[in-house]
Amino acid sequence: MKIRLTINGELREADVWAGESLLAALRDTLELPGSKNACEQGECGSCSVLLDGDLVCACLVMAAQADGHEVTTVEGLRGDDGLHRVQQAFVEAGAVQCGFCTPGLVVATAALLERNPSPSDDVIREQLSGNLCRCTGYAKIFDAVRLAAART
Ligand code: FES
Ligand code: FES
């Protein structure tokens with residue numbers, strides 16, 4: 001089946017099968033591999049994207065459900081003038097090790113700061129609890145979120 005959706009501000013079409021996830025369509029058909037596939041069960045957040053502005057796990061959304069909607073992936077956060085401030089903060093804070101969790105955390109952090117420009121540590125912990133990282137111990141990730149918030 002054909003779907004048409006706006007991805008990162010661009011109208012795109014894709015041919016997908018009925019049971020195909022949005023994550024698979026993004027990575028395999030639409031050539032946007034930034035969203036990572038780690039668990040495919042909604043457990044790790046590595047596939048986090050925005051669907052009409054709401055944070056979702058792309059592995060739990062059918063590609064067909066995104067037909068006619070707006071999707072923002074980690075690739076879409078970058079502006080004409082460079083990295084998104086959350087991306088830049090992750091780099092500067094050293095919050096990236098293997099990097100597998102990073103795209104999802106960056107998207108989730110951008111969504112958080114959009115709603116709450118100055119979140120407390122408790123709010124950060126709560127809001128990013130769906131994004132798992134096996135490498136960093138989370139301290140540097142918190143540093144990155146605080147740094148990005150300070151630049152809001
Ligand atoms: S791959 Fe989607 S939540 Fe883990
Ligand atoms: S940096 Fe490796 S899983 Fe987070």
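## Ground rules

Because this is a predicted model, local features need pLDDT of at least 70, side-chain atom pairs count only at pLDDT 80 or more, and totals for chains, interfaces and linings use all residues. Residues are numbered from 1 along each chain as its sequence is written, chains are lettered from A and ligands numbered from 1 in the order in which they are written, and side-chain values use heavy atoms, with hydrogens and water left out.

Helices (H or I, at least four residues) and strands (E, at least two) are DSSP runs, numbered from the N terminus.

## The opening hairpin

Let's start with β1 (residues 2-7) and β2 (residues 10-15), which pair in the antiparallel sense over 6 bridges. Two strands count as paired if DSSP finds at least two bridges between them. One of the bridges links K2 to D15 in β2.

Together the two strands make a hairpin with 2 residues between them. In that turn, N8 has a positive phi of about 50°.

After α1 comes E31, with a positive phi near 55°, and E31 is not a glycine. E31 sits in the loop between α1 and β3 (48-51) and is exposed, with a relative accessible area of 65%. E40 belongs to the loop between α1 and β3 too, and has a positive phi of about 55° although it is not a glycine.

## Helix α3 and its buried side

Which residues of α3 (residues 85-93) are buried? They are V86, Q87, A89, F90 and A93. These residues cover an arc of only 165° around the axis, so they lie on the same side of α3; the arc is that of the directions from the helix axis to the C-beta atoms. A handy bit of background: an α-helix has 3.6 residues a turn, so residues three or four places apart point the same way.

The buried residues of α3 pack against α2 (74-77), α4 (102-115) and α6 (139-150). Just after the helix, G94 takes a positive phi of about 70°.

## Two nonpolar cores

A nonpolar core is a set of buried Ala, Val, Leu, Ile, Met, Phe, Trp, Tyr and Cys residues joined through side-chain atoms within 4.5 Å. The largest one has 26 residues, and V86, F90 and I141 touch the most other members. The elements that give two or more residues to this core are α2, α3, α4 and α6, and α4 gives the largest share, 8 residues. Another core, of 22 residues, lies apart from it, with L22, L30, C57 and V71 among its members.

Now zoom in on F90. Not counting residues up to four places away in sequence, F90 touches A95, V96, T102, L105, V106, T109, I141 and A144; contact means heavy atoms within 4.5 Å. T109 is part of helix α4 and counts as buried, at 0% relative accessibility. Leaving aside neighbours within four places in sequence, T109 is in contact with V86, F90, L128 and V145. T109 and A144 are 35 residues apart in sequence and 9.3 Å apart in space, C-alpha to C-alpha.

## Two buried loop residues

T73 sits in the loop between β5 (70-72) and α2, and counts as buried at 0% relative accessibility. The T73 side chain makes a polar contact with the side chain of E75 (2.6 Å). A polar contact is a pair of N or O atoms within 3.5 Å; within protein, one must be able to donate a hydrogen and the other to accept it, and residues adjacent in sequence count only if both atoms are side-chain atoms.

N131 lies in the loop between α5 (121-127) and α6. N131 is buried, with a relative accessible area of 5%. Its contacts, leaving aside neighbours within four places in sequence, are C44, G45, S48, G104, L105, A108 and Y138.

## Cysteines

How many disulfides does the structure hold? The count is 0, with a disulfide taken as a pair of cysteine sulfur atoms within 2.5 Å. C39 is partly exposed at 24% relative accessibility, whereas C59 is buried at 9%.

Technical notes:
Buried < 20%, exposed > 50% of the residue type's maximum accessible area, 1.4 Å probe, protein only.
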